[in-house]
Amino acid sequence: MAKAPTVREILAKSEAFFEGRGLDSPRLSAQLLLSQALGLDRLGLILAMDRPLTPEELDLVRPLVARRGKGEPVAYILGERVFYGLEFAVTPATLIPRPETELIIDRALELFPAGELTSFADLGTGSGCLAVTLAVRFPGATGLALDLSPEALAVARQNAVRHQVAERVAFLDADFADLPAHDGGYGLIVSNPPYVSAAEYRECSREVREFEPSSALTPGETGLEAVPTVARAARTRLAPGGVLLVEIGWKQGPRAAAILAEAGFTEVAVLRDLAGLDRVVEGRKP
């Protein structure tokens, strides 16, 4: 009778399988999927390295490994992703939150250090990671989250309920240009719009191109097509002195800054992420 494989052996085989398929982060993928199948956290997995797996456990592991082997992102297989220390449900209707986007939250906390933010809007909310995190971090604030995808909005609402901010965040199926007015204006407007150029999108990994929603990634040839619409809507709806924060591609800083300046923003600046790359453009309404 064949000896049951151990956790260590299954991890090694899964990692080699993913690596052979040219997938991102093969070791981390193997660890996360096996942790999910066995109901263990990462430490528990490390402590169980030499434990043989039962046939029932192997039956739980195999379909997860098979899905990953076809290129499906781990976040979609697990159904969640951590953003700014909070767990968010994600589905193929939503973009998978990236660590780079956390820079928007960092900057918001710098801009409103005493928690004095009272109103915000999130244009293109997707999973709701920005809107929900802002509501969690600013318990005195109310927010509005827009998205053109009803399926994405359903996920965002679920995440608002999960983090107990559903009563303070409204969700609206609308285009950026249709951002409704807020009494007195919004103190902060944030957006992670689609900004990948057509050329860059063609170079994205298969995992991104085949599984994540293209409408949330690329708006057209230059990648900057959405920024003027966001800037105009924000310029109209922000309170005097209110701030706009928009995530951009690493090559787009100068042009994005020019778009905000043309829209009438002052104190325009380009913020860099932890890798030293242009990542967020900021402007203040006079």
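Student: Why is I46 called exposed?

Tutor: The relative accessible area of I46 is 54%, and exposed means over 50%, buried under 20% and partly exposed in between, using a 1.4 Å probe and protein chains only, so I46 counts as exposed. I46 sits in helix 3 (residues 42-47); helices are DSSP runs of H or I with at least four residues, strands are runs of E with at least two, and both are numbered from the N terminus. Keep in mind that this is a predicted model, where local features need pLDDT of at least 70 and side-chain atom pairs pLDDT 80 or more, while totals for chains, interfaces and linings use all residues. Residues are numbered from 1 along each chain as its sequence is written, and side-chain values use heavy atoms, without hydrogens and water.

Student: How do you know that F83 is buried or exposed?

Tutor: F83 has a relative accessible area of 1%, so F83 is buried. F88, at 0%, counts as buried too.

Student: What makes F83 and F88 an aromatic pair, and of which kind?

Tutor: Rings of Phe, Tyr and Trp (its six-membered ring) pair if their centres lie within 6.5 Å; planes under 30 degrees apart are stacked, over 60 edge-to-face, and the rest tilted. F83 and F88 are 6.2 Å apart centre to centre, with 80° between the planes, so the pair is edge-to-face. F83, Y84 and F88 form one aromatic cluster, and the rule gives four aromatic pairs.

Student: What makes a set of residues a nonpolar core?

Tutor: A nonpolar core is a set of buried Ala, Val, Leu, Ile, Met, Phe, Trp, Tyr and Cys residues joined through side-chain atoms within 4.5 Å. The largest one here has 33 residues, and those with the most contacts inside it are F120, L134, V169, L188 and L245. Its largest share, six residues, comes from helix 7.

Student: Which residues does L134 touch?

Tutor: With contact meaning heavy atoms within 4.5 Å, L134 touches I105, A108, F120, L188 and V190, leaving out residues up to four places away in sequence. A second, separate core has 26 residues, including A174, L179, L224 and V227.
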